[in-house]
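Please read the points below with the sequence and the structure open beside you.

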Amino acid sequence: KPCKESLLRIKLYSESLARYGKSPYLYPLYGLGELPQGFARLSAIYGGTYMLDKPVEEIVYGDNGQVCGVKSQGETAKTKMVIADPSYFPDKVKKVGQVVR
């Protein structure tokens with residue numbers, strides 16, 4: 001199993017070469033706004049959906065307690081995973097520390 005996993009990652013790396021320039025990595029040349037763009041590209045490649053500038057009315061959970069959708073403006077986008085700020089999940093997060101700056 002470890003060999004197969006390594007080979008698949010090497011294959012992904014080699015296929016990424018020269019796709020968006022001379023490197024497989026995205027570098028923000030015009031500000032940090034390019035970082036979310038890189039994630040959006042990767043998400044689109046794997047069939048992900050971005051919900052930008054839409055109010056979140058509700059995070060929908062299934063009978064098993066797992067997230068199964070996001071409700072916005074009367075529509076529900078079905079999903080297996082939600083990546084969002086912890087403020088969207090006040091009953092699911094617990095503060096355990098603080099960043100000192």
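**Notes on the predicted model**

1. Start with L35, which sits in helix α2. Helices (H or I, at least four residues) and strands (E, at least two) are DSSP runs, numbered from the N terminus. L35 is partly exposed, at 40% relative accessibility. Buried means under 20% relative accessible area, exposed means over 50%, and partly exposed lies in between, with a 1.4 Å probe and protein chains only. From L35 to P86 the distance is 20 Å in space, C-alpha to C-alpha, and 51 residues in sequence.

2. Some ground rules apply to every point. This is a predicted model, in which local features need pLDDT of at least 70 and side-chain atom pairs count only at pLDDT 80 or more, while totals for chains, interfaces and linings use all residues. Residues are numbered from 1 along each chain as its sequence is written, and side-chain values use heavy atoms, with hydrogens and water left out.

3. How confident is the predictor? The protein chain has a mean pLDDT of 83, and 90% of its residues reach 70 or more; pLDDT is the predictor's confidence in each residue, from 0 to 100. Among the elements of the chain, β2 has the highest mean pLDDT (92), and helix α2 (residues 34-45) has the lowest (81).

4. After α2 comes G47, with a positive phi near 85°.

5. How many salt bridges does the structure hold? There are two. A salt bridge is a side-chain nitrogen of Lys or Arg within 4 Å of a carboxyl oxygen of Asp or Glu. Side chains of opposite charge can pair when their charged atoms come close.

6. An α-helix has 3.6 residues a turn, so residues three or four places apart point the same way. E5 is partly exposed, with a relative accessible area of 38%, whereas R9 is exposed, at 60%.

7. Another salt bridge joins K54 and E75, and here the closest N and O atoms are 4.0 Å apart. K54 lies in the loop between α2 and β1 (58-61) and E75 lies in strand β3, so this pair ties together parts that are 21 residues apart in sequence. K54 is partly exposed, with a relative accessible area of 32%, and E75 is exposed, at 52%.

8. The largest pocket has a volume of about 820 Å³. T49, Y50, M81, V82 and I83 are the closest to its centre of the 24 residues that line it. Elements giving two or more residues to this lining are α2, β2 and β3, and α2 gives the most, with three residues. A pocket, on a 1 Å grid over the protein atoms alone, is an open set of points where a 1.4 Å probe fits, with protein on both sides within 12 Å along at least five of seven lines; lining residues have an atom within 4 Å of a point. Grid points are joined across faces, edges and corners, and a volume is the space filled by probe spheres set on the points.

9. The lining of the largest pocket divides into 16 nonpolar, six polar and two charged residues. Ala, Val, Leu, Ile, Met, Phe, Trp, Tyr, Cys and Pro count as nonpolar, Asp, Glu, Lys and Arg as charged, and the others, Gly among them, as polar.

10. Q73, in the loop between β2 (67-72) and β3 (75-78), is exposed, with a relative accessible area of 51%. Q73 has a positive phi of about 50°, although it is not a glycine.
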